[in-house]
Amino acid sequence: MLFKRLSAVLLAFLAAAGLQVAAADPAAAAPRVLYYDASQAQEFVAAVNQGAQIWNSRVTTVRLEPVPAGRTPNIRVYADNGWPRTYTTSLGNGRWYMGREAVNEGYYVPRIAAHEFGHILGLPDRRTGLCADLMSGSSAPVSCTNAYPNATEAATVNNNFRTAVAVPAREFAWVG
């Protein structure tokens, strides 16, 4: 109790003297780094990288990085002729496919990439039909070019990785 009073008196004295005292903030936890391998994404490698950077620009508790040599990736990305889809094994781990069928129908490739990364980061499909909702997926119009998660989606991912919540393995498919 005496220590608290002395501290308060000292702070009041320093403030009266015109000095500012900054309180020490607890150090922010470093983001969890997830490594992805886009070597099998064929013509979509640039879009995969763009999707990762979109998430990196919107969340603080997790970071998506290309896998360095000699390291096992958390995420593998492939290209095929089907619909985009994701298979998660746990939060931050799994594989996803950039399906050419959605691309051929005119869906915006960076949006598809960011959407599929969203599944790996723990987000389900929402099918709201709104372009503003990244996780609305193919329910948004083909003309939608928004590839960024909304504030709620980003906050959910930040919370997922802040608390290390367990997300069960699931399959997510882009439905046309």
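Aromatic pairs, then: the count comes to five. The rule takes rings of Phe, Tyr and Trp, the last by its six-membered ring, with centres within 6.5 Å; planes under 30 degrees apart are stacked, over 60 edge-to-face, and the rest tilted. Keep in mind that this is a predicted model: local features need pLDDT of at least 70, side-chain atom pairs count only at pLDDT 80 or more, and totals for chains, interfaces and linings use all residues. Residues are numbered from 1 along each chain as its sequence is written, and side-chain values use heavy atoms, with hydrogens and water left out.

Take Tyr87 and Tyr97. Their ring centres are 6.0 Å apart and their planes stand at 90°, so this pair is edge-to-face. Tyr87 is in strand S4, residues 85–90, and Tyr97 is in strand S5, residues 93–99. That is 10 residues apart, a link between distant parts of the chain. Helices (H or I, at least four residues) and strands (E, at least two) are DSSP runs, numbered from the N terminus.

Is Tyr97 buried or exposed? Its relative accessibility is 17%, so Tyr97 counts as buried. Buried means under 20% relative accessible area, exposed over 50%, partly exposed in between, with a 1.4 Å probe and protein chains only.

Next, the cluster. Tyr36, Trp96 and Phe117 form one aromatic cluster. Trp96 is buried, at 0% relative accessibility. Phe117 is buried as well, at 0%.
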